[in-house]
Amino acid sequence: MTPGASWFKYEMLNEHNLGESRFASPLKRKVSDDARMHACIVDDRTQSPRTDHLFEVAGPRENIFFNPDVTRAGIVTCGGLCPGLNNVIRSIYLELTHHYGVKQVLGFRDGFGGILPQPAKPPIALDDDYVEDIHREGGTVLGTSRGPVDIAAAVTNLIDRDINILFVIGGDGTQRGGYELYLEAKRRGHSLSVVGVPKTIDNDIPFVARTFGYLTAVEEADRVLKCAHTEVHSVHNGIALVKLMGRHAGFIAASATIANQDVNFTLVPEVPFALEGENGFLACLKRRVIKRAHAVIVVAEGAGQDILAADPHDKDASGNTKLKDIGPYLRDRIEEYFKVEKIPFVFRYFDPSYLVRSVPADSEDAILCDHFARNAVHAAMAGKTGIVIGLFHDHYIHVPVELIVKEKRRLNPDGGTWHAVLAATGQPASFE
């Protein structure tokens with residue numbers, strides 16, 4: 001028990017196991033199936049007592065549920081692109097075949113629609129030649145899509161194809177769909193292991209300290225910010241507005257700002273801001289431009305939705321609320337404001353979203369992809385199901401999907417990262 005552990009009430013999470021693991025694992029390294037990790041490691045007695053979670057520690061087990069000689073696995077990628085998808089596909093395949101001896105791995109194409117009995121494109125039988133160089137490419141070789149799927153039809157197809165394991169690579173909506181597949185298979189008495197690999201470039205999945213592709217996105221965003229700074233620093237009263245990804249969480253915008261150190265204003269979904277007024281954003285921008293003759297602004301795509309009055313009932317194919325586009329709106333308001341104030345300016349607008357997410361993974365993310373993938377295979381072969389591989393306190397863990405889909409991880413306005421943004425930009429703590 002950790003020091004001060006009595007301050008927390010511990011909650012043993014529901015463990016999703018298909019049954020008794022009867023086969024000896026071919027791997028030498030073993031992690032005890034009884035190993036647990038606390039979600040809370042800081043005992044702050046100034047706060048009210050909290051309920052802690054105890055997570056299974058990920059890794060290879062001594063015994064496995066599936067007999068590798070007769071096991072068939074499938075992989076599916078869903079949602080938007082993210083650096084590292086092909087790395088995950090490749091490492092899942094290699095761990096299954098080279099270490100566990102699984103004979104057949106199918107790649108279902110174009111998202112969940114590829115699992116249906118009559119998909120637009122048939123699945124790919126992965127082999128060494130197919131995956132040899134895919135990690136050097138951006139995107140996903142399997143293709144992707146958004147939107148719901150006919151769960152009953154998809155499970156029927158998985159059963160007909162004798163699929164025992166399905167690896168679902170995607171965000172919270174994707175993991176929710178994977179969980180429904182698991183429940184439907186369970187209802188029919190089919191032992192289907194559904195294990196998720198968390199994918200979101202926004203880095204907003206709970207109990208996942210860092211999702212793959214995030215650091216690559218930050219690095220690419222920093223490149224754009226350097227160019228934006230060069231542009232506005234080379235003219236009189238240059239203003240650059242760079243819109244970065246981040247629907248509900250401003251992690252990319254905040255981290256790129258800290259990495260770059262030449263950003264003057266950063267706007268994120270977690271910190272509301274006012275445009276008008278003496279201490280509003282536009283007035284602060286005006287004072288900055290008059291004083292320094294240039295400014296670089298970063299805005300996360302989900303910032304300012306209260307100003308734009310986004311309709312929470314307007315959903316996209318994945319069930320996400322459709323955001324109003326803050327980038328063009330803010331661009332137009334800034335240009336209008338400076339014209340009314342009769343201040344000459346040169347404006348540059350950058351929206352590198354698709355560039356940022358389409359590149360291959362950098363070294364940090366490539367390593368993370370490999371660890372996520374291999375731990376997903378260990379979990380699946382041991383008969384775990386309805387879980388997602390998490391990374392918390394530098395340990396890989398099994399996170400029940402129920403926890404993943406309950407909430408989003410968000411930037412803490414009182415935390416160290418946001419205070420680092422305020423220090424790097426010099427912007428006020430609030431625009432009001």
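Visitor: Which residues of α6 meet which residues of α13?

Guide: In this predicted model, A254, T257 and I258 of α6 meet T417, A420, V421 and T425 of α13.

Visitor: What describes two packed helices?

Guide: The description uses the angle between the helix axes and the distance between those axes. Here, helix α6 (residues 251-260) and helix α13 (residues 416-425) pack with their axes 9 Å apart, at an angle of about 45 degrees. The pair α6 and α13 is therefore oblique, and the crossing of α6 and α13 is left-handed.

Visitor: What lies over the face of F251, and at what distance from the ring centre?

Guide: R409 lies over the face of F251, 4.5 Å from the ring centre. A charged end also sits over a ring at Y349: that of R331, 5.3 Å from the centre of the ring.

Visitor: Now ring against ring. How many aromatic pairs are there?

Guide: The count comes to 10 aromatic pairs. Planes over 60 degrees apart count as edge-to-face. The planes of the F65 and F66 rings are at 90 degrees, with the centres 4.9 Å apart, so this pair is edge-to-face. F65 and F66 are both buried.

Visitor: Why is the pair of F372 and Y396 edge-to-face?

Guide: The ring planes of F372 and Y396 are at 85 degrees, so the pair counts as edge-to-face; the ring centres are 5.8 Å apart. This pair links distant parts of the chain, with F372 in helix α11 (residues 363-381) and Y396 in strand β16 (residues 395-400), 24 residues apart.

Visitor: Are F372 and Y396 buried or exposed?

Guide: Buried means under 20% relative accessible area. F372 has a relative accessibility of 0%, so F372 is buried. Y396 has 17% and therefore counts as buried too.

Visitor: Which residues form one aromatic cluster?

Guide: F55, F207 and F392 form one aromatic cluster.

Visitor: Where does H393 lie, and what is its phi?

Guide: H393 lies in the loop between β15 (387-392) and β16. Its phi is near 50 degrees, a positive value in a residue other than glycine. D394 is found in the loop between β15 and β16, and D394 also has a positive phi, about 65 degrees, although it is not a glycine.

Visitor: How do H393 and D394 count by accessibility: buried, partly exposed or exposed?

Guide: H393 has a relative accessibility of 30% and so counts as partly exposed. D394 has 71%, so D394 counts as exposed.

Visitor: Back to buried residues. Where does V299 lie, and what does V299 touch?

Guide: V299 lies in strand β13 (residues 294-300). With a relative accessible area of 0%, V299 is buried. Not counting residues up to four places away in sequence, V299 touches L241, V242, K243, L244, L267, I326 and L330. The C-alpha atoms of V299 and R22 are separated by 53 Å, and the two residues are 277 residues apart along the chain.

Visitor: Where is V149 found, and which residues is V149 in contact with?

Guide: V149 is found in the loop between α2 (128-131) and α3 (151-160). The relative accessibility of V149 is 17%, so V149 counts as buried. Leaving aside its neighbours within four places in sequence, V149 is in contact with F112, G113, L116 and A154.

How values were computed: Residues are numbered from 1 along each chain as its sequence is written. This is a predicted model: local features need pLDDT of at least 70, side-chain atom pairs count only at pLDDT 80 or more; totals for chains, interfaces and linings use all residues. Side-chain values use heavy atoms; hydrogens and water are left out. Helices (H or I, at least four residues) and strands (E, at least two) are DSSP runs, numbered from the N terminus. Buried means under 20% relative accessible area, exposed over 50%, partly exposed in between (1.4 Å probe, protein chains only). Contact means heavy atoms within 4.5 Å. Rings of Phe, Tyr and Trp (its six-membered ring) pair if their centres lie within 6.5 Å; planes under 30 degrees apart count as stacked, over 60 as edge-to-face and the rest as tilted. A charge sits over a ring if NZ of Lys or CZ of Arg is within 6 Å of the ring centre and within 35 degrees of the ring normal. Axes are lines fitted to C-alpha atoms, for helices over the stretch in contact, and angles run from 0 to 180 degrees between N-to-C directions. Angles under 35 degrees count as roughly parallel, over 145 as roughly antiparallel, 65 to 115 as roughly perpendicular and the rest as oblique. A crossing is left-handed if the near helix is turned anticlockwise from the far one by less than a right angle, and right-handed if clockwise.
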